[in-house]
Every structure is written in C-alpha cells, then in structure tokens.
Amino acid sequence: MEKVKILWVDDEIELLKPHIMFLQRKGYELATANNGEDALEMIDNEVYDIVFLDENMPGISGLETLSRIFENHKIPVVMITKSEEEYIMEEALGSKISDYLIKPVNPHQILLSLKKNLDSKRLVNEKVTSNYQKEFREISMALMDVRSLKDWVDIYQKLVHWEVELDKIDASGMVEILEMQKNEANSQFFKHVKNNYELWLKDGEEKPVLSHTLMKEKVFPYLSNLKPSFFILIDNLRYDQWKILQPIVEEWFKIEEETTFCSILPTATQYSRNSIFSGLTPLELSKRFPHLWKNDHEEGGKNLHEQEFLEDQMQRLGLGAKKVAYHKVVKQQYGVKLVEQFNNLLQNDLNVIVYNFVDMLSHAKTEMDMIRELAGNDKSYRALTRTWFENSSLLEMLKKIADSDVDLFITTDHGTINVGVPSKVVGDRETSSNLRYKTGKRLQYQSKDVMVMENPEQYFLPAANLSSSFIFARGNVFLTYPNNYNHFVKYFRDTYQHGGVSLEEMICPIVRLSAK
C-alpha cells in the first residue's frame, strides 16, 4: 500500500520536528514548507494526500494560501491556528476545510485528524464497493427471473442507486462492472418490452401507468378545492438525474409519494409529452385533433398545443371548472419572470410548468465540443444537471412554492441514453430523422438491433400512410443511414439521444411532495 503523503506548511516548521518524526514512524511520508508561496509551488508540482496549513504566516496568510489551493486542487486541508477568533474559524470553515486544530497541537491530535480525513474515506470506499459486490449477485439473479414491469423498475432503481453511490467514491473498476451489468439489464429489458408492450397498452389488471394515464392516475386524484397544485415537468429528466436533485429538493419538501411511470414509444417529446397532457395515445390524439397533430415528416412544431390538450383532458374527466395555467420555460429570463409573478400563479387551481433545460443540455452535447467534454459520461451528465438546477430559476420557483400551502408534483416526459453502437437503416426521403426510432415506408434494418411495429395502429400510433412502420433501437444503439456513415457515426457516438427502448428512456419518475 502506498504511503500517505503529507505537506505541512508552517513558518516555524523547525519546531515541529518531533511531530514530523512521530508521523514518519507511523508510516506517513512528510514534505514541509515554511511559507505559502513555496507550498503552492510544491502542490502544483507534486501530489499530496493532505495538507496541514498554519493560519498565521508572514507573506501570504494561511487563509489566502487556502483559497489559492482550492482554486486549482481538490485536496483535504487541515487548518492549524493559534487563534480561536470567530472570524478566522468562519472564513476557514466557509472555505470547506476538512478539519481545524488549535495550537499547541500534540501528535495524537494530528494522527486522529489524519485517520478521520483519510482512513474514513478509504473505509467508506471499501464499504460501498463491498456492498455493491454483494448486490451485484442479487441483481444478476433477479435478471434471470423478471416477470413484470414492476420487477424491471426494482432492478433499475437498484442500478441507479449504485450509480449514485459510486459517483461519490473513486471506484473506476466497480463503475465498469456496473456499466456492464446495466447493459445486460437493458438487453433483457428490450426483449421484455418486445414481448409485452402491446399488452401494456390494453386495459387489464397488469396495465402499468403509462404517459397517457399519468395525470389521470397520479395527479388529478390529488387536486384540492382548498389549495393550488403545481405540476413541474422537466423535459428529458432521467430517473438517475432526479435522484441527484432529490437531496436538494428535500431541503424544502417532504416526499409524500415517489413512484415511476413508463413512457410510451417512441420515447420522444412529440409522442410522450403530448400524451401526458392530452390523456390520449398518439393515435387517439391524431384522430381527436387532426388539425393539430403532425406526423414526423411534416413541417412545423409538434408540441405547440399542450395547453389545449390538457384543458381538453380535464374537461373530459369532469375537471373543466378548475382554473388552469400552462407555462413553458425555454429561456432563463422567462423562468425568472415567472418567479416574479408567483403570487399570480396562486390564483389558479393547477399550474403546469415545463422546464426544457435538460433536453437542451442533451442536444448541446451533440452540437458543442465543450458540452461533450463537460458531460462525457453519465456521472458528469448527472453532475452538470445538478449544477444547472442549483443555479436555475426552477429552484427559485420551488423555494417560492415551499413557502406556500400548495401541492407539488415533479416528473418528466421521457429519459435519454448515451448511445455508442451504430446500426444501419435504409429508408426513403420521408423517413424520420430521429436516431433512436424511425418511421417510414419499406424500412431496411438490422433485425437484432430494433423492435418493429409493422402495424403502428395496433400499438396506438398514427401511421403517415398505409405502408408506414416504426422501428425502435435497443439499448445504446443509434440508427444511421449508409450515406456518410463514418462521419455520422463519429459525430453522434457518445451523445445523448431518446426515442428508443431502454430503462433510461422508459422508466420515469413521478413524485408528489408537500412543503415542510
């Protein structure tokens, strides 16, 4: 096992030789500096596990040195000071130091601080890794005995739990194993959807909550005549992204119910979100609103009438007397304006607000090299989502909601998946352009890579013409044309797409909350 490397910075370092020798005898490796400038240079050129930093030094102070360390490095720092003055402690603690000690320190205090800040991290890493290794076997066994969508939800929730836990520690080997297990789960889930999706769409005891039944089953029963409700839909929010945001939300809200629903196919906004707000399958929607529905190959926006669809659904369900407001936040400025007008929203029985940032983030990863780097994998994609949320008008809106006596629902329309495996498709010029599903005439494709719907109306999907069919990509496959094949494969590999069949795209969170 490699020795722990400590940098000790103190202008009276010579007086600390007994402490240094004590730690060396305990197996630690020590480097020293007697001023902040030298310490910063050493940290730039060498990797240290922890820094002990004196607060009161000539030249740049300990606090300034601390600030400059944190500008460029993630390293635990233990502040050592002669003073117990409150402002010094506040500044040090505000800088997120790992620990602080008051002089004179004895060797055992230092040893305790080392164990608390380094050994505890190692023990946590070992505990998390050990627990996942144990559950790996349980998940593998469960994959062999899946009987229902509920079983899949249980498996996916466990996989997401371990993704989030492994994000917190340095366990690249375990992350690779988890990724392999998730890929295997998606392969089995794809087969299950192929065999059962048509049954899910039909009335029966085993019918799960789907996009078009979401509001009827999970929202409308809780609307109150005594207080307003807010329905927040974050476009393209995966279940794992919700779990990253959940701890922040729980600072202000208590979760009354957290469950999932299954997005219909295609897992694309035009289909899934229109179905959520209309309470209708795409086929029913196209027949009820033929002047508003647009098929994939038709020009024009395909989610421009969500408020009309929502009002129509509520009218059909006998909720037409409710006062409803619908807002779609595409730009931050509009979100800020909506927060400023919050008191006006309290006059409505139901406020529906769609936030589009996560969807824009997934598209930006395709189009912008910088976002590709920032969201290079699922871990960084989750982290970037959290960063957006912490600085968003949505969080400000939630704080306003938390100060009022209202009910809150948070959900999404579908998820997204990081694609990596190309599969060739041939179609005519009216074939849809989405990378995770295609609809068109006489499609040619790799059968092993897709779920096929030869008769779309059988699956409650409108067909552009009599010979149209749908295909949906499995797992992390993306569908590409033979023309300029290599260019498009390179361009779209490792981007986030939606529309196909995967746990990430289809299993979506729906959460009911109340203010604390």
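The exercises below work through a predicted model of one protein chain.

**Exercise 1. Describe the overall make-up of the chain.**

Start with the secondary structure: the protein chain has 20 helices and 19 strands. Next take the extent. Along its principal axes, the C-alpha trace spans about 90 × 55 × 40 Å. Then turn to burial: of the 516 residues in the protein chain, 54% are buried. Last, look at the contacts with a separation of 6 or more; residues 24 or more positions apart account for 74% of them.

**Exercise 2. Check whether the end-to-end distance of helix H7 agrees with its number of residues, and locate its bend.**

Helix H7 covers residues 172-201, and at 1.5 Å a residue its 30 residues should span 44 Å. Step three is the bend, which is found at asparagine 195 and amounts to about 50°.

**Exercise 3. Find the residues with the most partners in the largest nonpolar core, and list the contacts of Trp152.**

As background, nonpolar side chains in soluble globular proteins tend to be buried together. In this model, the largest nonpolar core holds 105 residues, and Trp152, Tyr197, Phe231 and Phe277 touch the most other members. Helix H6 (residues 149-167) supplies the largest share of this core, 10 residues.

Now take tryptophan 152 by itself. Leaving out residues up to four places away in sequence, tryptophan 152 touches Leu143, Val146, Ala185, Gln188, Phe189, His192, Leu503 and Ile507.

**Exercise 4. Describe how helices H9 and H17 pack.**

Two packed helices are described by the angle between their axes and the distance between the axes. For helix H9 (residues 239-249) and helix H17 (residues 378-390), the axes come within 9 Å. They cross at roughly 35°. The handedness comes next: H9 passes H17 in a right-handed crossing.

The final step is to name the residues that meet:

- From H9: Asp240, Gln241, Ile244, Leu245, Ile248 and Val249.
- From H17: Tyr381, Arg382, Thr385, Arg386, Phe389 and Glu390.

To read such a list, recall that an α-helix has 3.6 residues a turn, so residues three or four places apart point the same way.

**Exercise 5. Pick out backbone exceptions and place each one in the chain.**

The rule comes first: most residues other than glycine have a negative phi, and most peptide bonds are trans.

For the peptide bonds, begin with the one from lysine 103 to proline 104, which is cis with omega near -5°. Proline 104 sits in the loop between strand S5 (99-102) and helix H5 (107-143). The bond from leucine 265 to proline 266 is also cis, with omega near -5°. Proline 266 belongs to the loop between strand S7 (253-262) and helix H10 (269-278).

For phi, asparagine 236 has a positive value of about 75° although it is not a glycine. The loop that holds asparagine 236 runs between strand S6 (229-234) and H9. Asparagine 484 has a positive phi near 50°, and its loop lies between strand S17 (477-480) and helix H19 (485-492).

**Exercise 6. Decide whether asparagine 236 and asparagine 484 are buried or exposed.**

Buried means under 20% relative accessible area, and exposed means over 50%. Asparagine 236 has 0% relative accessibility, so it counts as buried. Asparagine 484 has 56%, so it counts as exposed.

Conventions: Residues are numbered from 1 along each chain as its sequence is written. This is a predicted model: local features need pLDDT of at least 70, side-chain atom pairs count only at pLDDT 80 or more; totals for chains, interfaces and linings use all residues. Side-chain values use heavy atoms; hydrogens and water are left out. Helices (H or I, at least four residues) and strands (E, at least two) are DSSP runs, numbered from the N terminus. The expected span of a helix is 1.5 Å times one less than its number of residues. The bend at a residue is the angle between axes fitted to the seven residues ending there and the seven starting there. A nonpolar core is a set of buried Ala, Val, Leu, Ile, Met, Phe, Trp, Tyr and Cys residues joined through side-chain atoms within 4.5 Å. Buried means under 20% relative accessible area, exposed over 50%, partly exposed in between (1.4 Å probe, protein chains only). Contact means heavy atoms within 4.5 Å. Axes are lines fitted to C-alpha atoms, for helices over the stretch in contact, and angles run from 0 to 180 degrees between N-to-C directions. A crossing is left-handed if the near helix is turned anticlockwise from the far one by less than a right angle, and right-handed if clockwise.
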